[in-house]
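Hi there,

Here is the structure I promised to pass on. My notes on its pockets and aromatic contacts follow below.

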Amino acid sequence: MLCKTVYMLYNAICIFYNRKSIYRNKPDEIKTIPNHPFCNLQVYYERNHTMTFINSVTGPVNASELGLTLIHEHMRVRSESVHAQFPHLYDEKQEIAKAVEQVIRVKKLGVNTICDPTVMEQGRDIRFIEKIARETDTQIIAATGIYTYNYIPTHFQTRSIDYMADLFVRDIEVGIQNTSIKAGFLKCATDAPGVTADVEKVMRAVARAHKKTGVPIMTHSHPASGTGLKQLDILLDEGANPNQILIGHTGDTDNLEYISNILKQGAFIGMDRYGLTRECSTENRNNTVIELAKQGYSNRMFLSQDYCCTMDWFPEGVIEERFPKWSMSFVLEEIVPELKRKGVTEQQIQHMLFDNARCWFEGK
Ligand SMILES: [Zn+2]
């Protein structure tokens, strides 16, 4: 009996360590920085200097080679349960064509990297994103996390925060959806319903996965209900690095007091919904960016569109009619020239479109 108990205990320890080692194993040339607070940050040691590598869907990318980066664009968004049950409603060929067309258009304008924060509940399909990256020869960085405004599936309701965090870590270190394509950042969302119990669980799991892996966090926030600040409270409570938190959709408000309360804590903000005019007009979005750039915050802001090359949330034609300017190239074609005309400097544009992505990935 004693022998059997010892054997079972031994087995349990072995399973625990094997499981750990699956996540921790890295190719030989990759080492982790000793005592780094986010100790799994992948760093290559080369000629006495360090370089951070970020996982894109087509392989690791040197952080110094991100180039012109759109921080928040979706190759495709769809209701995943509807697609699973009624796949005849969707036309993948058309979806690919639309995504390729948009990416090629911004590539011609100089874009080198796109961060695509499509995660669970938005119909993430990593092979689809990979296909677009390969067809357009563009670096696309995918995300892991859960996009929900209020509830999570029963599967997660009956399990712990750490269980969820381990799944996110697996996406980052092993691969997404049984592929070896790894996620490069984490995503969570809080909208008008606020921080519900389920939403808080996702946010804490995201923060814990960030601490284990060193990859940054992007949120979907709803400034009208102040959720960006609430997100920051929870993420910081879990010990996340504020320099690796991007409070998305902050540009949906022109309330400078609210925005500076986020910036004062060190986080990045997404002025990332250009072309969507329901929450905020383009002129107001621009005025906020101009004012914050004047205050010295160009090194904390990102310009993007949250564009979805295809999206099934509305009947066909509705989005085009409501938001005729919305596209993946709106910022580069119309907003950047306008910001420059109104006094934003080349260097500030460089921060918002080139340098900040590297800082966010590296935690600076
Ligand atoms: Zn989005």
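The lining of the largest pocket is made up of 14 nonpolar, 4 polar and 9 charged residues (Ala, Val, Leu, Ile, Met, Phe, Trp, Tyr, Cys and Pro count as nonpolar, Asp, Glu, Lys and Arg as charged, and the others, Gly among them, as polar). Before you read on, note that this is a predicted model: local features need pLDDT of at least 70, side-chain atom pairs count only at pLDDT 80 or more, and totals for chains, interfaces and linings use all residues. Residues are numbered from 1 along each chain as its sequence is written, and side-chain values use heavy atoms, with hydrogens and water left out.

That largest pocket holds about 650 Å³ of space. Of its 27 lining residues, Lys98, Thr310, Met311, Asp312 and Glu316 are the closest to the centre. Two or more lining residues come from each of helix H3 (92–108) and helix H11 (318–322), and H3 provides the largest share, 5 residues. Helices here are DSSP runs (H or I, at least four residues), as are strands (E, at least two), numbered from the N terminus.

For the pocket search itself, a pocket is an open set of points on a 1 Å grid over the protein atoms alone, where a 1.4 Å probe fits, with protein on both sides within 12 Å along at least five of seven lines; lining residues have an atom within 4 Å of a point. A volume is the space filled by probe spheres set on the points.

The second largest pocket has about 470 Å³. Its lining numbers 25 residues, with Arg273, Leu276, Arg278, Met311 and Trp313 nearest the centre.

On to the rings: the whole structure has 8 aromatic pairs (ring centres of Phe, Tyr or Trp, its six-membered ring, within 6.5 Å; planes under 30 degrees apart are stacked, over 60 edge-to-face, the rest tilted). Tyr147 and Tyr149 form a tilted pair, with centres 5.3 Å apart and planes at 55 degrees. Phe268 and Phe302 are also tilted, at 5.4 Å and 45 degrees. Because Phe268 lies in strand E11 (residues 268–271) and Phe302 in strand E12 (residues 301–303), their pair ties together parts 34 residues apart in sequence. Phe268 is buried at 0% relative accessible area (buried is under 20%, exposed over 50%, partly exposed in between, with a 1.4 Å probe and protein chains only).

Best wishes
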